[in-house]
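Dear colleague,

My notes on what was found in it follow.

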Amino acid sequence: MRTQVGIIGAGPAGLLLSRLLALQGIDSVVLENRSRAYVEARIRAGILEQHTVDTLTEAGVGDRLRREGLEHHGIYLQYPGTRHKLDFPALCGRTVWVYGQTEVTKDLITTQLAGGPPLLFEVSDVIPEDVDTDSPRIRFTDADGNAQVLECDAIAGTDGFHGVSRPVVQQAGGRVWERTYPYAWLGILADVAPSTDELIYAWHPDGFALHSMRSPSVSRLYLQVSPGEQIEDWSDDRIWDNLATRFALDGWELCTGTVTDKSVLPMRSFVSAPMRRGRLFLAGDAAHIVPPTGAKGLNLAVADVTLLAAALVRLLREQRSDLVDSYSDRALARVWRCTHFSWFMTSMLHTSGDAFDAELQLSQLRRVCSSEAAARELAENYTGLPLDV
Ligand code: FAD
Ligand code: DHB
């Protein structure tokens, strides 16, 4: 088999990259080790920045998003006695959209399977080879158990945090930064209409809580818990009680409903540099992880592949290497901005049990809720800084 760009991993990064390349006349093949059903059901992110929505729309996969997604004009920041709305259009002229990663993935897969580039599920033993040459290849075993070789001009490692691509880049040298936060999130999906018009990020002495949503009839809620917490110890009643306590505000009530999914998510930051070795390019979670506070993970994956697609088009159509040569540095500049913002949101909102920390956090929250300059800084980062392709 031969293609121009071999893409490892059919998460949002790999699928969108394939689509962006196809629109520019560049061939690709996407190799995914899980099944289609598994990939489409994986519940993860839910907030799309303005540039993500624009990119998906320009890529022709934004119709359902525009129909079924919910455009949001701000967030509430809450601390005891106060729930303050940050008005994003007034602060920075941008909005965000609620539309689940599951739905983004389904839209991309449907488009790809309807005449787009090949997308192979349930492959195994994927190995990128000869990435320091101009003709790298990917060895893999297809779903029927046959050994295959995919000859390429370039390889995109969009295979997430546990993929095979990052170790190949790091073997040639490089650096990794890591921070494990001493918190975790317990997340639930519930069949109940959201009790709020905008997302609520709530500081509380018992710990952070977040009220998000997926649709007018489905809510997504999170509680800060200890990293070692076992999901079996959290009955639905215990979860709803804790949520009600942490979101409590006079005159407001939290509606409860049937919990359809619950899990505990670790919180860490991770950055691997460079994001390139020869003709192998990393994008998305394969190169970096952010803690979820601030909803940057999926958006950063989209930003990476937007840069990478333009760089690969320039390389493969015009034989010019300027954009691939600067790809890693340009992508990492945005990665570190988002890593800082995720750290800022995480640090401002999660309680550590330390009384001094708590006063600093409350002071920061009061500042963001009273100073237009401080609010604008948060709003610009939250809605996503413009992407300089
Ligand atoms: P992934 O979505 O991880 O896709 C990588 C793909 O590669 C997967 O389909 C995987 O099966 C495949 N793969 C892996 N190894 C191989 C291999 N060897 N061969 C072939 N294929 C391979 N972000 C937010 O902004 N908000 C959130 O609330 C949020 N919640 C999250 C919850 C969880 C549990 C997790 C794990 C992440 C969450 N994120 C969240 C982060 C966000 O989902 C990711 O940043 C996003 O999925 C990154 O997309 P990606 O395509 O880079 O990686
Ligand atoms: C969601 C997740 C986040 O990390 C966040 O900051 C906002 C919303 C969500 O899953 O809906």
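What percentage of the 389 residues of the protein chain count as buried? The share is 56%, where buried means under 20% relative accessible area, exposed over 50% and partly exposed in between, with a 1.4 Å probe and protein chains only.

Two remarks on conventions come first. This is a predicted model, in which local features need pLDDT of at least 70 and side-chain atom pairs count only at pLDDT 80 or more, while totals for chains, interfaces and linings use all residues. Residues are numbered from 1 along each chain as its sequence is written, chains are lettered from A and ligands numbered from 1 in the order in which they are written, and side-chain values use heavy atoms, with hydrogens and water left out.

Overall form

The protein chain has twelve helices and 20 strands; these are DSSP runs numbered from the N terminus, helices being H or I with at least four residues and strands E with at least two. Its radius of gyration is 21 Å, close to the 21 Å that the globule rule gives for 389 residues, so the chain is as compact as a globular protein of that length. That radius is taken over C-alpha atoms, and the rule is 2.2 Å times the number of residues to the power 0.38. Along the principal axes, the C-alpha atoms fill a box of roughly 65 × 40 × 40 Å.

Of the contacts in the protein chain with a separation of 6 or more, 71% are between residues 24 or more positions apart, a contact being heavy atoms within 4.5 Å. The accessible surface comes to about 15900 Å², and carbon and sulfur atoms hold 48% of this area; the areas come from the Shrake-Rupley method with a 1.4 Å probe, and for residues only the protein chains shown count as cover.

The sheet

An open sheet of eight strands has the order S6-S5-S14-S15-S16-S13-S17-S20, with mixed pairing; two strands pair if DSSP finds at least two bridges between them. S6 and strand S20 (288–289) are the edge strands, each pairing on one side only. Helix H10 (residues 322–349) packs on the sheet and touches S20 as well as strands S13 (175–191), S14 (199–202), S16 (218–225) and S17 (258–273). The direction of H10 makes about 130° with that of S17; axes are lines fitted to C-alpha atoms, for helices over the stretch in contact, and angles run from 0 to 180 degrees between N-to-C directions.

Strands S5 (residues 74–79) and S6 (residues 82–87) run antiparallel and are joined by six bridges. Tyr-79 stands opposite Thr-82, and Gln-78 opposite Arg-83. The hairpin has two residues between its strands, and Gly-81 there takes a positive phi near 90°.

Helix H6

Helix H6 (residues 101–113) has 13 residues and reaches 18 Å from its first C-alpha to its last, close to the 18 Å expected at 1.5 Å a residue; that span is 1.5 Å times one less than the number of residues. Its buried residues include Val-104, Leu-108 and Ile-109. Gly-115, which follows H6, has a positive phi near 90°.

Backbone details

A cis peptide bond, with omega about 0°, joins Ala-273 and Pro-274, and Pro-274 is found in the loop between S17 and strand S18 (276–277). Glu-122, in the loop between strands S8 (119–120) and S9 (124–129), has a positive phi near 55° without being a glycine. It counts as partly exposed, at 48% relative accessibility. Gln-319, in the loop between helix H9 (297–318) and H10, is not a glycine either, yet its phi is positive, about 55°. At 62% relative accessibility, Gln-319 counts as exposed.

With kind regards
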